[in-house]
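Subject: Handover of a structure

Dear colleague,

Please find the structure below, together with its sequence. I would be grateful if you would read the notes under it with the structure open beside you.

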Amino acid sequence: MILAEKIIKLRKQLGWSQEELAEKVNVSRQSVSKWESANSIPDLNRIIMLAELFEVSTDFLLKDENESFETGINTSTKDSGIHQVSLEEANQYVESKVNASQLITKGIMLSLCSVVPLFFFLAMAETGRLGVTGDIAAALGIIGILILVSLAVSFFIKTNQFDKDVELIDNDPFELAYGVYSAFQEKLESYKPSYNRRLSIGIFLFIVSFVPVMLAAVFAGRSDTILMMMIVLMFLIAAGIFIITPASARHDAYNHILKENHAQKEKSKRAKRAEKLAAFYWPLLIAIYLGWSLWTMAWGITWIIWPVGAVLFVALLGLMELFEKEE
């Protein structure tokens, strides 16, 4: 029996969680997880501390041929109350997170593109094509918005089918079974290049999304051209969301399985705060933009709300971090 297996068995006999053992030997829970997954081994001082805690000899811990578990302490098995996540459960958690993210992505894209029919029919009304007037174009556009938003809501509702697969790891304390940590660390490292590439492409699409509208406003100045470029803007943003969101969901799921230390928990809290702000902020910005544009019909001016809104979003995130630190 190797050292990793002995640490697991002795810890469980005492009813300690990985976090409790980590506190007793003054290391992070991540370190204990690495020891138990055979991804690393304790240094000599930690070996001595472990031997004293478990009331076994250092020879017993270090020599693989020693497998007798007769110790000087009461080794009756206790329930630590912490679920041990197997490799199969961890893989299922990641796939459920990705599948739920794909449904959410479809819902967001439909919500975002729900205004495309409105822009299209308004542009047709401006040019006199298809024989539609401004009132008919507005009516058809509103019907399109209602239909697409209804479909988007149906995708959001479907995400509850994955709640059972993710709630245990998301909401309850857990520790990783033997070999899970190293397996997921390898998966995360191999996935990082793809994640970084998708993130870069998505951010690039967000940044350049308002360029067609700006060019149309500067060089063409026609309402119908600007409206068609607004459709391009929505499609570019939707494409960025389609590229980034599932990739981020998989990356975050890997990190959640592996997260053990305070710094990673703080990053997770910051990400959740950003998600909550984004869920409120961007729909509000779209509503303000549409209301302003439809009221004034000054599409050549109202596009400015997008770069200003992007800078304001970053400023609000910074303000939230400042208040959190003060608290």
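The notes below begin with the chain as a whole and then turn to particular places in it.

**The chain as a whole**

Please keep in mind that this is a predicted model. The secondary structure of the chain comes to 15 helices and two strands. Of its 327 residues, 39% are buried. The chain exposes about 17600 Å², and carbon and sulfur atoms supply 61% of that area. Among the contacts with a separation of 6 or more, 76% are between residues 24 or more positions apart.

**Helix 4 and its surroundings**

Helix 4 covers residues 44-54, and its buried residues are Ile47, Leu50, Ala51 and Phe54. Where do these residues lie when the helix is seen down its axis? They fall within an arc of 100 degrees, so they line one face of helix 4. On the other side of this helix, Asn45 and Glu52 are exposed. The cover over the buried residues of helix 4 includes helix 1 (3-13), helix 2 (18-24), helix 3 (29-36) and helix 5 (58-62).

Both ends of helix 4 deserve a look. At its start, a side-chain oxygen of aspartate 43 comes to within 3.2 Å of the backbone nitrogen of asparagine 45. After helix 4 comes glutamate 55, which has a positive phi.

**Two residues with a positive phi**

Most residues other than glycine have a negative phi. Glutamate 55 is not a glycine, yet its phi is positive, near 55 degrees. Glutamate 55 sits in the loop between helix 4 and helix 5. Because its relative accessibility is 42%, glutamate 55 counts as partly exposed.

Asparagine 26 is likewise a residue other than glycine, and its phi is positive at about 60 degrees. Asparagine 26 belongs to the loop between helix 2 and helix 3. Is asparagine 26 buried or exposed? With a relative accessible area of 59%, asparagine 26 is exposed.

**A nonpolar patch on the surface**

Which residues form the nonpolar patch on the surface? They are Ile104, Ile108, Val149, Val153, Phe156 and Ile157, and together they have about 430 Å² of accessible area. Helix 6 (87-113) and helix 8 (134-158) each supply at least two residues of this patch. The largest share, four residues, comes from helix 8. Isoleucine 104 is a member of the patch and is found in helix 6. Its relative accessibility is 34%, so isoleucine 104 counts as partly exposed.

**Phenylalanine 235**

How many residues separate phenylalanine 235 from cysteine 113 in sequence? They are 122 residues apart in sequence, while their C-alpha atoms are 7.1 Å apart in space. Leaving aside residues up to four places away in sequence, phenylalanine 235 touches Cys113 and Val116. Phenylalanine 235 counts as partly exposed, because its relative accessibility is 46%.

With kind regards

Notes
Residues are numbered from 1 along each chain as its sequence is written. This is a predicted model: local features need pLDDT of at least 70, side-chain atom pairs count only at pLDDT 80 or more; totals for chains, interfaces and linings use all residues. Side-chain values use heavy atoms; hydrogens and water are left out. Buried means under 20% relative accessible area, exposed over 50%, partly exposed in between (1.4 Å probe, protein chains only). The arc is that of the directions from the helix axis to the C-beta atoms. Contact means heavy atoms within 4.5 Å. A polar contact is a pair of N or O atoms within 3.5 Å; within protein, one must be able to donate a hydrogen and the other to accept it, and residues adjacent in sequence count only if both atoms are side-chain atoms. Patches are made of residues with over 30% relative accessible area and no salt bridge: like charges are joined within 9 Å, nonpolar side chains (Val, Leu, Ile, Met, Phe, Trp, Tyr) within 5 Å. Accessible areas come from the Shrake-Rupley method with a 1.4 Å probe; for residues, only the protein chains shown count as cover. A salt bridge is a side-chain nitrogen of Lys or Arg within 4 Å of a carboxyl oxygen of Asp or Glu.
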